[in-house]
Amino acid sequence: MAAVAKTTISPQDYLAREREAETKNEYIDGEIYAMTGASEPHNTISINLILTLGPQVRSRTCDIYASDMRVRVPRRAYLYPDVVVICGEAQFEDDGVDTLLNPTLVVEVLSPSTEDYDFGKKFALYRSIPSLQEYVLVAQDRCHVVHYARQSDNTWLLSETRSLDDTLSLPSIDCRLAVRDVYRRVEFPAEEEER
């Protein structure tokens with residue numbers, strides 16, 4: 001049986017298509033991946049993050065973006081993080097002003113279908129962005145927040161919490177994130193509440 005050739009498209013063709021598309025699609029190494037809709041807990045957590053971080057970054061030279069802001073990764077990828085914070089002047093790929101080049105902090109809200117990808121390949125892609133200083137992953141089905149912080153030697157320091165009473169320090173944007181605020185109005189499955 002003959003192997004089927006994989007069809008790939010250029011980054012320029014992807015951007016042209018994406019700017020006309022009615023749905024969001026990520027792009028990695030010439031391949032397009034459709035994004036599915038988010039659940040109610042996913043959306044609640046994303047909004048909670050924006051509402052919690054927004055007032056803190058407002059007094060600084062930082063901006064916060066929701067999931068419609070595309071981020072270009074140097075290794076031929078375009079991704080849609082759930083929340084992005086940029087400190088300093090935002091740099092965009094072109095005059096479309098819809099593809100950010102220099103995120104400082106990226107947050108992904110995990111779903112069961114994307115958790116392994118967000119911890120693995122997606123984090124590897126994000127790490128190649130020179131400006132990125134912190135990467136935060138938030139589970140939507142249980143209290144679990146994972147925080148990676150880039151160190152001066154370009155290694156990443158991992159910290160995590162499973163307690164609603166904890167507060168996460170985000171030094172790259174000079175903010176604090178109360179875990180209880182992240183999970184405001186999010187209900188976990190009964191089995192998780194009993195642990």
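How many aromatic pairs does the count come to in this structure? The structure is a predicted model, in which local features need pLDDT of at least 70 and side-chain atom pairs count only at pLDDT 80 or more, while totals for chains, interfaces and linings use all residues. Residues are numbered from 1 along each chain as its sequence is written, and side-chain values use heavy atoms, with hydrogens and water left out.

The count comes to 9 aromatic pairs. Here rings of Phe, Tyr and Trp (the last by its six-membered ring) pair if their centres lie within 6.5 Å; planes under 30 degrees apart count as stacked, over 60 as edge-to-face and the rest as tilted. One of these pairs consists of Tyr-135 and Tyr-148, which are stacked, with 6.4 Å from centre to centre and 25° between the planes. Because Tyr-135 belongs to strand 9 (residues 134-139) and Tyr-148 to strand 10 (residues 145-150), this pair ties together parts that are 13 residues apart in sequence. Strands (E, at least two residues) are DSSP runs, numbered from the N terminus.

Tyr-135 is buried, with a relative accessible area of 0%, and Tyr-148 is buried as well, at 14%. Buried means under 20% relative accessible area, exposed over 50%, and partly exposed in between, with a 1.4 Å probe and protein chains only. Another aromatic pair, Tyr-183 and Phe-188, is edge-to-face, with 5.2 Å between the centres and 70° between the planes. Both Tyr-183 and Phe-188 are buried.

Tyr-135 and Tyr-148 also belong to one aromatic cluster together with Phe-123, Tyr-126 and Trp-156.

An open sheet of mixed pairing is formed by 6 strands in the order 3-6-8-9-10-11. Strand 3 and strand 11 (156-161) stand at its edges with a single partner strand each, so one side of each is left without a neighbour in the sheet. From one strand to the next the twist averages 15°, where axes are lines fitted to C-alpha atoms, for helices over the stretch in contact, and angles run from 0 to 180 degrees between N-to-C directions. Two strands pair if DSSP finds at least two bridges between them. Strand 6 and strand 8 (residues 105-110) run antiparallel and are joined by 3 bridges. Val-85 stands opposite Leu-105 in strand 8.

The structure also holds 1 disulfide, a term for a pair of cysteine sulfur atoms within 2.5 Å. This disulfide joins Cys-62 to Cys-87, with 2.0 Å from S to S. Cys-62 lies in strand 3 (residues 62-65) and Cys-87 in strand 6 (residues 83-87), so the pair ties together parts that are 25 residues apart in sequence. The torsion about the S-S bond of Cys-62 and Cys-87 is about 100°, and the disulfide is therefore right-handed. Cys-62 is buried at 8% relative accessible area, whereas Cys-87 counts as partly exposed at 24%.

Cys-143 is in no disulfide, and the nearest cysteine sulfur, that of Cys-175, is 20 Å away. Cys-143 is buried, with a relative accessible area of 9%. The sulfur of Cys-175 is 6.7 Å from the closest cysteine sulfur, that of Cys-62, which is too far for a bond. Cys-175 counts as buried at 2% relative accessibility.

Note on methods: Helices (H or I, at least four residues) and strands (E, at least two) are DSSP runs, numbered from the N terminus.
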